[in-house]
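Reader: I want to learn how to read strand pairing. Please walk me through a case.

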Amino acid sequence: MPKRILQGTVTSDKNEQTVTVLVERRFKHPVLHKIVRSSKKYRAHDAENQFKVGDTVRIIECAPISKTKRWTVLLDDAQASA
């Protein structure tokens, strides 16, 4: 089964090797037929502490790292070279 990849914005980088990522999704309400925004926060593993608040990142599912961390930050080619 493929691993999910989500894109969101870093809202906190205060913990060591961890970032909090806010992922927002938009969908059409089944009754009102209106676009609704729903958001959720995920804890993601950031080994080098290289992401700061406001950065847009992609996260991928992984095996549990701690009690709350089940995601890791996906390094793109542009981010790896910077």
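Author: Start with strand S1 and strand S2 (residues 18-28), which run antiparallel and are joined by three bridges. Strands here are DSSP runs (E, at least two residues; helices are H or I, at least four), numbered from the N terminus. Two strands pair if DSSP finds at least two bridges between them.

Reader: What should I know about the model and its numbering?

Author: This is a predicted model: local features need pLDDT of at least 70, side-chain atom pairs count only at pLDDT 80 or more, and totals for chains, interfaces and linings use all residues. Residues are numbered from 1 along each chain as its sequence is written, and side-chain values use heavy atoms, leaving out hydrogens and water.

Reader: What holds paired strands together in general?

Author: Strands of a sheet pair through backbone hydrogen bonds, either parallel or antiparallel. In this structure, Val10 stands opposite Val21 in S2. S1 (residues 5-12) also pairs with S4 (residues 56-61), antiparallel, over five bridges. There, Thr9 has Thr56 as its bridge partner.

Reader: Which strands pair in the parallel sense over two bridges?

Author: S3 (residues 35-45) and S5 (residues 71-74). His45 is bridged to Thr72 in S5.

Reader: In what order do the five strands close into a barrel?

Author: The order is S1-S2-S3-S5-S4, with mixed pairing.

Reader: Is Thr18 buried or exposed?

Author: Buried means under 20% relative accessible area, exposed over 50%, partly exposed in between (1.4 Å probe, protein chains only). Thr18 has 8% relative accessibility, so Thr18 counts as buried. This residue is found in S2.
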